[in-house]
Amino acid sequence: PMLVRHGDGGYETDVRYSDGHTELSRYDLRPQGSFVTFARTVVKTPVTTTTRDREWTPPLLRLPIVPEVGQTWGGPYTAGDLELQIENEVLRREAVDVGGRRVNAFVIESRQDITGEYTGQRTETFWYAPAHGLVVRYSIDSTLDGPTDFDIRAEQTLRSLTPRT
């Protein structure tokens, strides 16, 4: 599951990949769109818990307010002790079934080459529905080597457009 919490000037997402792996991201809302400013990864094993907090410099435009197919952006970023080279692209428009309702979305792919404590590649794909201000589908394919090798492949699809509190 993913929890979305709204706050002053933005929101945060809290993704629960498993009981032992969570990822929190904080976003600022700006005129150009939604920018990631902070991330926290928590990995628990039977013998240890590792928490990594990472400030993003500069903040990364994740979801443009007005996406256009073919639009690209990216460059060098740092997230705590990680260095990233990121290329983002709006690939296409695609409908997503959300609880039996057809929702029009833009497919945005983020390709990341990562070095530092962890080294490898991560590709995140967002099906972003600007009319609802929501990511309605998300996938990740990540292979990182470091103190603990960290391979993730996951897909999430929103089940309903009605918020639950």
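Leaving aside neighbours within four places in sequence, which residues is valine 15 in contact with? Select valine 15 and look around the side chain. The partners are Pro1, Met2, His21, Thr22, Glu23 and Gln156; contact means heavy atoms within 4.5 Å.

Before moving on, note the ground rules. This is a predicted model, where local features need pLDDT of at least 70 and side-chain atom pairs count only at pLDDT 80 or more, while totals for chains, interfaces and linings use all residues. Residues are numbered from 1 along each chain as its sequence is written, and side-chain values use heavy atoms, with hydrogens and water left out.

**Stop 1: valine 15**

Stay on this residue. Valine 15 belongs to strand E2 (residues 10-18). Strands (E, at least two residues) are DSSP runs, numbered from the N terminus. Valine 15 is buried at 5% relative accessible area. Buried means under 20%, exposed over 50% and partly exposed in between, with a 1.4 Å probe and protein chains only.

**Stop 2: the cores**

Select Trp56, Leu84 and Ile108. They have the most contacts inside the largest nonpolar core, which has 28 residues. Such a core is a set of buried Ala, Val, Leu, Ile, Met, Phe, Trp, Tyr and Cys residues joined through side-chain atoms within 4.5 Å. Elements giving two or more residues to this core include strand E4 (33-44), strand E7 (82-98) and strand E11 (150-157). A second, separate core has 8 residues, among them Val96, Ala105, Ala129 and Val136.

Next, zoom on leucine 84. Beyond its neighbours within four places in sequence, its contacts include Trp56, Pro76, Tyr77 and Ile114.

**Stop 3: a cis bond**

Select threonine 57 and proline 58. The peptide bond joining them is cis, with omega about -20°. Most peptide bonds are trans. Proline 58 is in strand E5.

**Stop 4: rings**

Select phenylalanine 126 and tyrosine 138. Their rings form a tilted pair, 5.2 Å centre to centre with 50° between the planes. Rings of Phe, Tyr and Trp (its six-membered ring) pair if their centres lie within 6.5 Å; planes under 30 degrees apart are stacked, over 60 edge-to-face, the rest tilted. The count is 3 aromatic pairs. Phenylalanine 126 lies in strand E9 and tyrosine 138 in strand E10, 12 residues apart. Phenylalanine 126 is buried at 5%, and tyrosine 138 is buried at 6%.

Finish with arginine 137. Its charged end sits over the ring of tryptophan 127, 4.1 Å from the centre. The rule: NZ of Lys or CZ of Arg within 6 Å of the ring centre and within 35 degrees of the ring normal.

Notes:
Helix = DSSP H or I, 4+ residues; strand = E, 2+ residues; numbered from the N terminus.
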